[in-house]
Amino acid sequence: MDVVSGLLQGFAVALQPTNLLWCLLGVMLGTVVGVMPGLGPPATIAMLLPLTFLMSPAAAMIMLAGIYYGAKYGGSTTSILLNVPGESASVVTCLDGYQMARKGRAGPALGIAAIASFIAGTVGVLGLMLVAPPLAKMALAFSSPEYFGLMALGLAMVVLLAGRSLVKALLAMLLGLWIAGIGTDLFSTTERFVFGQLELLSGVDFIVVAIGVFALGEVLACMEPRRDAHALPVPRGLRNLLPTKQDLKDSRFAFANGSILGFLIGVLPGAGSTIASFISYGVEKAVSRRPEQFGNGVVEGVAAPEAANNSETGGALVPMLTLGIPGSSTTAILLAALVLWGFKPGPLFIPENPALFWGLVASMYVGNLMLLVLNLPLVPAFAQVLRTPAYILYPVILGISIVGVYSASGSMLDLFMLVGFGLLGYLMRKLDYPAAPLILGLVLGGAMERALRQSLMMSEGSLSILVTRPISAVMLSLALLILLIPLFGKLNAWRLRALE
Amino acid sequence: MKAYGGDFWSGLALGGLGAYIVSEAAGWEYLGPDGPGPGFFPLWYGIAMAGLSLWLVVSSVLKAVPETTDWSGARRAFAAWLALAVAVAALKFVGFFVAFAALAFFMMAVMYRRPFGNAAIVAACVTAGFYLVFPLALGVKLP
């Protein structure tokens with residue numbers, strides 16, 4: 001199927017009234033989630049995942065993806081008005097966005113963030129549409145050793161860029177692998193780590209871990225301070241939110257830089273939107289005619305990271321859909337959602353489910369447009385979300401978490417595990433253990449073990465199969481090199497700078 | 001005596017888990033006639049976990065200045081977690097609505113110091129909202 005006919009089929013799916021409605025709900029919910037500091041897209045998607053079992057997969061995917069990229073739009077609002085990033089990728093927007101707001105230019109800052117998000121979001125979808133199908137075709141040649149190499153490379157990238165301590169990131173990943181290994185063995189009937197609980201024979205439900213670690217962990221961390229931060233006022237009226245011609249002119253390169261870099265970085269597993277926004281900001285500052293003014297409220301300092309942050313979404317979906325390798329917590333949860341609905345993300349996903357893939361692509365074009373239309377005039381309304389008292393918000397999140405887990409399995413054991421994983425998520429935050437490697441280890445653990453054991457079956461037990469096949473050899477070598485980066489002073493300094 | 005930080009204690013806990021994984025995996029088939037058995041993969045990640053934890057513990061002990069974690073707000077977080085744990089344990093006996101209303105009331109009245117009357121009204125309204133959305137509108141089964 002060529003791109004044009006695929007896209008036409010996609011629009012036929014995305015423009016169905018019910019799917020339009022789900023898309024609208026997704027992007028609005030995403031914006032609200034992005035606006036709220038503390039509650040991120042992984043937590044929201046994990047909480048809503050059980051409810052999507054009542055929907056068609058296309059509608060559910062459209063809505064969840066809407067939350068994912070909608071949150072990127074919303075994240076800038078708190079960065080600009082509150083100097084508190086709504087999500088991690090908006091950290092860099094605080095630098096110039098908040099300064100613009102302090103100078104009375106909150107409107108143009110919010111406006112340029114929305115315009116940059118729209119342009120880059122659209123470029124990201126364009127990239128997804130053009131890169132994913134050929135990459136999937138290429139991946140058809142992969143067998144178990146190549147898949148093992150690919151997953152090892154993906155996990156190594158995530159571990160490298162997840163946190164300052166590589167040891168802690170590796171330990172979090174191993175914890176994820178262990179949780180994934182709980183239950184009945186893939187190839188025999190051996191029970192592993194079930195502690196005598198029959199309910200654990202089928203393994204630990206992904207939803208329980210994701211909601212526990214992300215939603216409950218975040219709520220517990222957010223409950224530490226009693227008082228909420230105060231936001232700067234949002235200018236009312238569309239005219240006050242629109243950037244000037246000069247602002248748009250100053251941001252031209254930032255739009256292009258952020259869009260391209262964001263997509264390319266998004267395709268790499270582990271790099272993520274936070275790294276994309278920082279690199280894009282750095283490039284923008286490096287080529288700017290007024291680098292000394294960065295950090296004091298220049299408009300391109302908002303446009304570049306916001307563009308990169310949004311374009312990354314399209315890039316991140318490429319390896320997730322075509323190779324079955326997620327690059328971040330959110331794409332790991334989206335991957336798990338696809339698996340729970342009965343799909344198998346990988347090289348055959350697009351040819352076997354063209355309506356779902358192209359429907360998602362088309363819905364992202366529609367969703368980005370919806371976000372632009374909604375975000376410019378409705379920013380003051382979305383900013384009101386910041387006024388939601390914590391004492392109402394947090395019990396509601398806890399309640400939704402309980403309902404979400406119970407509705408998926410009807411198991412009290414899952415609820416107790418949810419409480420346990422909530423504590424784990426909180427302690428991981430406190431002790432500086434990144435959550436992304438845990439979730440990726442959990443999502444990829446089963447597939448990784450299967451690929452390794454199948455590889456060894458093919459070679460009658462010889463590990464040499466992993467290094468004699470060129471693609472797996474290259475990927476495993478790269479994975480090893482990546483994990484050795486902390487041993488090289490300059491490279492590690494670059495890694496730590498990127499993380500800071 | 002030197003006070004050990006979070007790295008030391010978390011390393012110790014994960015080291016224990018690694019040792020447990022290795023001891024369990026050692027009891028399962030490692031390599032059979034058809035290829036690797038159920039013990040193959042866990043044995044290796046168990047060893048890796050034990051080794052890395054040991055590294056974390058040793059490097060934490062060798063640090064001249066122990067790493068610091070700000071635990072100042074942790075009491076509130078642990079209190080909220082405990083309330084959640086109690087509410088989940090109570091679900092089986094009192095049902096979702098009573099347990100959730102009590103949890104919401106606790107968080108509003110005790111943790112956020114809202115007046116008791118207001119907290120009770122808001123907790124009741126939030127619980128009613130849950131009833132309207134989940135069992136009534138969406139047909140979702142609650143504990």
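Q: What makes residues of α1(B) count as buried in this predicted model, and which are they?
A: Buried means under 20% relative accessible area.

Q: How do you know that the span of helix α1 of chain B agrees with its number of residues?
A: Helix α1 (residues 6-26) has 21 residues. At 1.5 Å a residue, it should span 30 Å. Its end C-alpha atoms are 30 Å apart, so the span agrees.

Q: Why is the pair Lys168(A) and Asp7(B) called a salt bridge?
A: The cut-off is 4 Å from a Lys or Arg side-chain nitrogen to a carboxyl oxygen of Asp or Glu. The side chains of Lys168(A) and Asp7(B) meet at 2.5 Å, N to O. That is within 4 Å, so the pair is a salt bridge. Across the interface of chain A and chain B, the rule finds one salt bridge.

Q: What describes the size of the interface between chain A and chain B?
A: The area buried between them is about 5400 Å². Carbon and sulfur atoms give 81% of that area. In contacts, 55 residues of chain A touch 60 residues of chain B, with heavy atoms within 4.5 Å.

Q: Why is Leu136(B) called exposed?
A: Exposed means over 50% relative accessible area. Leu136(B) has 52%, so it is exposed. Leu136(B) lies in helix α4 (residues 116-138) of chain B.

Q: What makes Leu136(B) part of a nonpolar surface patch?
A: Patch residues need over 30% relative accessible area, and nonpolar side chains are joined within 5 Å. Leu136(B), at 52%, passes the area cut-off. Leu54(A), Tyr131(B), Leu132(B), Val133(B) and Leu138(B) form the patch with Leu136(B), with about 570 Å² of accessible area together.

Definitions and conventions:
Residues are numbered from 1 along each chain as its sequence is written. Chains are lettered from A and ligands numbered from 1 in the order in which they are written. This is a predicted model: local features need pLDDT of at least 70, side-chain atom pairs count only at pLDDT 80 or more; totals for chains, interfaces and linings use all residues. Side-chain values use heavy atoms; hydrogens and water are left out. Patches are made of residues with over 30% relative accessible area and no salt bridge: like charges are joined within 9 Å, nonpolar side chains (Val, Leu, Ile, Met, Phe, Trp, Tyr) within 5 Å. Accessible areas come from the Shrake-Rupley method with a 1.4 Å probe; for residues, only the protein chains shown count as cover. Helices (H or I, at least four residues) and strands (E, at least two) are DSSP runs, numbered from the N terminus. Buried means under 20% relative accessible area, exposed over 50%, partly exposed in between (1.4 Å probe, protein chains only). The expected span of a helix is 1.5 Å times one less than its number of residues. Buried area is the accessible area (1.4 Å probe) that two parts lose on being put together, summed over both.
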